[in-house]
Each structure stands twice: as C-alpha cells, then as structure tokens.
Amino acid sequence: MLPRAAYVDPDVLAWERRHLFDGGWVCVGRATELTRRAGEQAAVRVGATSVLLTCDASGAVHAFVNICRHRGHELLACATTTRRGVVQCPYHAWSYELDGALRVAPHADAMPNVVPDELGLRRMPLAMWAGWLFVNVDGCAPPFDEHVGGLAGLVAPWAPERLRVAATHSYEIAANWKVVVENYHECSHCPLIHPELCRVSTADSAVNVDDLPGAFVGGAMRLADSATTMSLDGRSPVHPLPGLDDEQRRQVLYVQLFPNLLVSLHPDYVLSHRIEPLTATTSRIECQWMFEPSTVGASGFDPTYAVEFWDVTNRQDWAAVESVQRGLDSPQFVPGVFAENEDAVYQFASMMAAAYAGAQIARPVVGPVLRDIADSA
C-alpha cells in the first residue's frame with residue numbers, strides 16, 4: 001500500500017491538487033449538461049482551482065480560470081450553474097463574452113492600462129471524449145489522446161457520447177479520494193458487503209486489462225447466468241445498447257481514467273462516478289446514469305431499476321471506505337500488502353507512487369519496477 005500520509009496528510013492532498021489535478025487532465029462533467037442552450041455556464045472545482053465552463057451561441061464549449069481579471073473575485077460560485085448571454089463578475093460587474101473576451105470594465109474602460117485584448121479570461125486546454133469534458137488547468141499535461149490511450153477503443157462499442165443522463169446522485173463521504181478508487185478496483189469484498197451485487201454478478205470473475213497504453217486501470221466482470229444487467233432482480237426493462245457483441249452483453253466493464261473518472265459500462269446503461277477531493281479525508285462523488293436517447297425519451301421510461309441497485313451498492317461501499325479511512329487515521333496504522341487478486345488496486349497505487357516520484361502518469365509496467373518505484377516514493 002501507499003504510506004499512511006497519502007491518505008490523511010493535508011500537505012499530500014495539496015501536492016496532488018497542484019500536480020495531478022491542476023497539472024493533468026481532469027473530468028469536469030458531461031458535455032450535454034453544458035451544451036443544451038447557448039449561454040449555459042458552470043463552475044467546477046479542479047484541484048486548487050475553480051474552472052468556469054461556458055457554451056457560446058455556436059455551441060462551442062470554453063474553459064477558463066474562474067477568476068475575474070479585475071480583482072480576483074470568482075465569476076460564478078463553485079458547484080453552481082447559470083444561463084446568460086455574458087459572464088459577469090458579481091463584485092464590480094466586469095463583464096466578458098462567452099468566449100472569454102473582455103466586454104465591459106466599469107469605470108475603467110477609458111483608462112490607458114485597460115487593454116481588452118490583454119484582460120480577457122484566462123483560457124485553459126479543454127478536451128471532449130466519450131461525452132465527458134476534461135480540462136488541464138496549467139496547460140502542461142501531455143496530449144489528451146496520449147492520456148486516454150487504448151481506453152478509447154475499449155469503450156467505443158458502448159458509444160457513451162450518444163447517451164443521455166437520466167439520473168444524477170451526489171454523495172459526500174468521509175474518506176480520501178484514493179480510498180474510493182481502491183475500493184472500486186476490487187471485488188474480493190463483494191461477498192461480505194454486497195449481497196445484492198453477488199446475486200447478479202460473479203464476484204471472482206474479474207479479468208483486468210493489462211496490455212493497452214493510457215492513464216487508466218480497469219477490467220471486466222461477468223454477469224450471473226440468470227441476470228441480464230446489474231439491477232436488484234437482475235432484469236432490465238430496456239434493450240441492450242447497440243454495438244455490443246455477445247460477450248459484452250454478458251459482462252460489465254469497470255474502468256478508471258486517471259485521476260477522477262470511474263466508468264461502469266453495462267449491457268443496457270453506463271454509470272459514471274466523478275470524484276472531487278474536498279479535504280485529505282473527505283470526498284464528493286457525483287454519480288450519473290446514462291441511457292440510449294430513444295430509451296430516455298420513451299413514454300413511461302423509469303431508470304429506477306439501475307439507480308436503486310447502485311445507490312444501495314454505493315452506500316454499502318461508502319460505509320466500507322469510511323471504516324477504512326478511520327483505520328488509516330490512526331497513528332497505529334501500518335501499510336499492508338495487496339492480495340494476489342487485487343492487481344488492479346496495485347496498478348492504481350503504483351501509478352500514484354510513480355507520480356509522487358516524478359514519473360509521467362501512465363499504465364504501469366507490471367513487475368519489480370513498480371516495487372522499486374513504490375519503495376523510492
């Protein structure tokens with residue numbers, strides 16, 4: 001395991017915010033949530049920075065540092081949304097176009113040192129993949145295609161970019177963000193805390209991906225013979241997603257795109273967990289359930305069968321990871337070892353260890369090299 005400080009020390013989280021969240025590609029939500037209408041604006045916390053997302057009249061999405069160029073006030077309160085034709089600072093009414101250009105600087109427009117071309121909002125790199133938006137706050141991350149790597153082809157049959165969000169739940173839990181991720185990457189705990197899950201999926205069927213490039217970790221688990229999806233009764237009221245082959249219709253693919261996006265791809269829907277570290281020992285998690293547009297638009301459609309199953313499972317997981325966090329908080333905690341079937345957790349921990357040691361975030365090389373990196377970190 002990583003050392004105790006990685007899960008409890010505010011200084012470690014501050015480093016992660018600067019180097020992994022501000023310094024890498026981070027998911028900030030679904031594009032469709034922002035591009036429904038021109039003028040949509042949303043503010044999202046990424047690491048140590050608040051990010052402002054806007055959608056202009058042409059449907060183009062922009063990402064800016066959420067700070068007024070006048071005196072530093074946030075342009076939009078974090079975790080809120082609005083819709084208007086301009087971005088206006090609520091402090092002194094400096095206003096900006098949706099593309100970030102300075103529009104009005106009250107009481108300063110005629111001053112010689114107010115040069116509109118120099119006082120637009122600070123733009124940051126933005127990428128869209130599979131319907132999710134990603135930003136790189138400091139602009140220094142490798143190209144996004146390199147970051148996502150082979151994951152793009154792996155999830156392509158589900159075509160998440162086509163899907164529509166039918167439900168959203170948010171949770172705040174008393175655990176470090178990495179404890180949430182580590183729990184996601186193994187199911188050896190499932191027989192003990194997830195009876196509903198074990199009725200519809202085979203807990204020991206996980207096969208992890210280890211031969212594709214990219215900053216991701218994950219693998220697939222098989223459905224039970226009696227189940228067609230992950231629901232409390234194992235049944236689905238909707239058709240499987242088009243594009244899936246027979247094998248993909250009998251499994252769920254669980255993947256994490258580093259650092260904060262967990263994607264669970266089912267035969268009939270896709271579930272995402274987007275994680276935001278709040279403190280060293282608390283996290284916010286946004287879960288979204290996505291379905292075919294024709295399914296969401298059909299009369300009488302109700303996503304409860306999928307939402308209820310994962311809300312039950314999530315809450316079981318949150319209780320477990322909060323207990324782990326209480327153990328990690330104790331000065332008596334000594335890092336343990338990973339079991340043989342926890343290789344995906346080991347891959348994630350090794351990615352973190354490599355990051356702490358200054359290496360580029362990427363799929364780890366399996367073998368003794370990881371132990372050397374972890375020891376040096």
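In this predicted model, one face of contact on helix H5 is made by Val-179, Val-180 and Asn-183, and these residues meet Asp-317, Trp-318, Val-321, Val-324, Gln-325 and Leu-328 in helix H9. By residue type, the contact of H5 with H9 divides into six nonpolar, two polar and one charged.

Two packed helices are described by the angle between their axes and the distance between the axes. For H5 and H9, which covers residues 304-329, the angle is about 125 degrees and the axes lie 10 Å apart. H5 is therefore oblique to H9, since an angle between 115 and 145 degrees falls in neither the roughly perpendicular nor the roughly antiparallel class. As for its hand, the crossing of H5 and H9 is right-handed.

H5, which spans residues 177-184, also packs with helix H10, residues 343-356. Here the axes come within 8 Å and cross at roughly 145 degrees. On the H5 side, the residues involved are Trp-177, Lys-178, Val-181 and Glu-182, and on the H10 side they are Val-345, Phe-348, Met-352 and Tyr-356. This contact of H5 with H10 comprises six nonpolar residues, two charged residues and no polar ones. Both of the charged residues, Lys-178 and Glu-182, come from H5.

Turning to the backbone, a cis peptide bond is found between Phe-258 and Pro-259, with omega at about 0 degrees. Pro-259 sits in the loop that runs between strand S14 (251-257) and strand S15 (261-265).

Ala-79 is not a glycine, yet its phi is positive, at about 70 degrees. This alanine is placed in the loop between strand S4 (61-65) and strand S5 (81-83). Is Ala-79 buried or exposed? With a relative accessible area of 65%, Ala-79 is exposed, because the cut-off for that class is over 50%.

His-107 likewise has a positive phi without being a glycine, in this case of about 65 degrees.

Key. Residues are numbered from 1 along each chain as its sequence is written. This is a predicted model: local features need pLDDT of at least 70, side-chain atom pairs count only at pLDDT 80 or more; totals for chains, interfaces and linings use all residues. Side-chain values use heavy atoms; hydrogens and water are left out. Axes are lines fitted to C-alpha atoms, for helices over the stretch in contact, and angles run from 0 to 180 degrees between N-to-C directions. Helices (H or I, at least four residues) and strands (E, at least two) are DSSP runs, numbered from the N terminus. Contact means heavy atoms within 4.5 Å. Angles under 35 degrees count as roughly parallel, over 145 as roughly antiparallel, 65 to 115 as roughly perpendicular and the rest as oblique. A crossing is left-handed if the near helix is turned anticlockwise from the far one by less than a right angle, and right-handed if clockwise. Buried means under 20% relative accessible area, exposed over 50%, partly exposed in between (1.4 Å probe, protein chains only).
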